[in-house]
Amino acid sequence: MIVHPIDYRYGTPEMKRIWSEESKIKRMIWVEIALLRALAKKGYIDEEKVKKAQKQALNVTPERVKEIEREIRHDVMALVKAISEVVDEEVARWVHFGATSNDITDTAVATQLRDSIKILEFKLKKLIRLVCEKALEYKDVVCLGRTHGQPALPTTYGFRFAVWASELARHYVRLQQIKDRLLVGKMSGAVGTQAGFGKDGFEIEEEVMKLLGLKPAIISTQIIPRDHYCEYIEFLANLATTLEKMATNFRILQRGEVGEVMEEFGKKQVGSSTMPHKRNPIDCENICGIARVVRGFVEPMHQSAILWEERDLTNSSAERIILVESTVLADHILTKMIRVVERLSLDLDRIRENLERVRGLNLSEAVMLALTKKGMGRQEAHELVREIAMRAYANNTSLLEELLKDDRIMRYFTKEELEELLKPENYLGTAKERVDRVVEWVKSVVGL
């Protein structure tokens, strides 16, 4: 019986494959075999017999491991017994030698994190490239900026995409930075002292990690310190927040009364079971909902890092859920956002219409600062333009109309000067140049 939506609704095949039960067991076998190979290198066991055992271990099935676990109620020991059943007796006596359970599980998880990060890196880079392309494509598309949901100064759609590109690029940099701390394993025994390996402990641990493409943790107790996992979950939460921020803005801009942006709506797609006209931004809504779940794992992960002395078991059950779900769901919404940006459409006519609908009121700052340059005090100019703007709201007229009626304004400007001041494209500051700078910076730090 399938219960969790990840099994049938959310997540990509490539990421779910990494975190499947079959993958987990396979990776734990990798670690046990790597330990045997390291022991062989130190002369504990014949290398040729380990090579044979490596092939024999392929016969271990998840079903057999779970069958043993049901009897003994210990997952790692069940794996040890299952491996010991299929390898030669002389090799079997060395399986799990000197190791503790979390030497196997934590190191196996590190391989899952490593392979997950490769997927996240690839997709994040793809999304960054798409957003940079949009930033350049729409660099000159002047639009109404909004603060507090109300009309503000003009900006461009390229500027908006550049802001998002910069955030995503910083996430990419963060991901590179945490890999060195995160992708570590251990082979250090019951309390981290490597007592079972004696003087060979460092060399055995280094060899195991080398074989698995990992680094040894600098120090561990029975487990790798969980600040590593906390940092990873925080990264996923931070990334999810940016994705939700983008999705939320796309949703706002798709609202019927705004209508500037449209998420793709398929030819046969249905928006409502009862309202045939509906075109809902379901992918962006899905991103927003799942992002909240990803962020929700930050607190339980931090709680799971607080353990008694060399360790207790309170982290184990929580991490089985946290690491899998946060990774699969973060990858899910990252994949969704790539699709959204790839197929996003802008209504240029509606963008211009919305810009002009405010009738120049969003250029009040331009008039105020021009007055200041003409000799009026900035605060006096602010109050004067504010008064005129409020009058325009009350009279349902344009800012230009009200400015032209006011002698206090007209002693400083001609009608033509005011018309130039109130053209949105004349009040963009360094917006276009900023887009170019951001895209150049993003490409340099991400390696596009």
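**Exercise 1. Is the crossing of H8 and H11 left-handed or right-handed?** Then work out how the two helices lie and which residues join them.

*Solution.* 
Step 1. The model is predicted. In it, H8 and H11 cross in the left-handed sense.
Step 2. Take the geometry. Helix H11 covers residues 227-254, and its axis lies 13 Å from that of H8, at an angle of about 25°.
Step 3. Classify the angle. Angles under 35 degrees count as roughly parallel. H8 and H11 are therefore roughly parallel to each other.
Step 4. List the contact. H8 supplies Asp-106, Val-109, Leu-113, Ser-116, Ile-117, Leu-120, Leu-124, Leu-127 and Val-131. H11 answers with Tyr-229, Tyr-232, Leu-236, Leu-239, Leu-243 and Met-246.
Step 5. Sort by class. The contact of H8 with H11 holds 13 nonpolar residues, one polar and one charged.

**Exercise 2. Describe how H3 meets H8.**

*Solution.* 
Step 1. Locate the helices. H3 runs over residues 21-41 and H8 over residues 101-137.
Step 2. Read the geometry. Their axes come within 8 Å and cross at roughly 120°. The crossing of this pair, H3 and H8, is right-handed.
Step 3. Name the partners. From H3 come Lys-24, Arg-27, Met-28, Trp-30, Val-31 and Glu-32. On the H8 side are Asp-103, Ile-104, Thr-105, Thr-107, Ala-108, Thr-111, Gln-112, Arg-114 and Asp-115.
Step 4. Sort by class. The contact of H3 with H8 has five nonpolar, four polar and six charged residues.

**Exercise 3. Classify the packing of H3 on H10, and list its contact.**

*Solution.* 
Step 1. Helix H10 spans residues 201-212. The axes of H3 and H10 are 9 Å apart, and the angle is about 130°.
Step 2. That angle makes H3 oblique to H10.
Step 3. The crossing of H3 and H10 is right-handed.
Step 4. H3 brings Trp-30, Val-31, Ala-34, Leu-35, Arg-37, Ala-38, Leu-39 and Lys-41. They meet Ile-204, Glu-207, Val-208, Leu-211 and Leu-212 of H10.
Step 5. By class, the contact of H3 with H10 has ten nonpolar, no polar and three charged residues.

**Exercise 4. Set the helices in the whole chain.**

*Solution.* 
Step 1. The protein chain has 21 helices and six strands.
Step 2. Its C-alpha trace spans about 100 × 55 × 40 Å along the principal axes.
Step 3. Compare with a globule. The chain's radius of gyration is 30 Å, while a compact globule of 448 residues would have one near 22 Å.

**Exercise 5. What does UniProt place at residues 359-439?** Describe that stretch.

*Solution.* 
Step 1. An unreviewed UniProt entry gives "domain: Adenylosuccinate lyase C-terminal" there.
Step 2. Over residues 359-439 the chain is 69% helix and 0% strand.
Step 3. The end C-alpha atoms of this stretch are 32 Å apart.

Technical notes:
Residues numbered from 1 in each chain as written. Predicted model: local features only at pLDDT ≥ 70, side-chain atom pairs only at ≥ 80, totals over all residues. Heavy atoms only, no water. Axes fitted to C-alpha atoms, helices over the stretch in contact; angles between N-to-C directions. Helix = DSSP H or I, 4+ residues; strand = E, 2+ residues; numbered from the N terminus. Left-handed = near helix turned anticlockwise from the far one by under 90°. Contact = heavy atoms within 4.5 Å. Nonpolar A, V, L, I, M, F, W, Y, C, P; charged D, E, K, R; others polar. UniProt positions renumbered as here; feature names shortened; annotations may be inferred. Parallel < 35°, antiparallel > 145°, perpendicular 65-115°, else oblique. Rg over C-alpha atoms; globule rule 2.2 N^0.38 Å.
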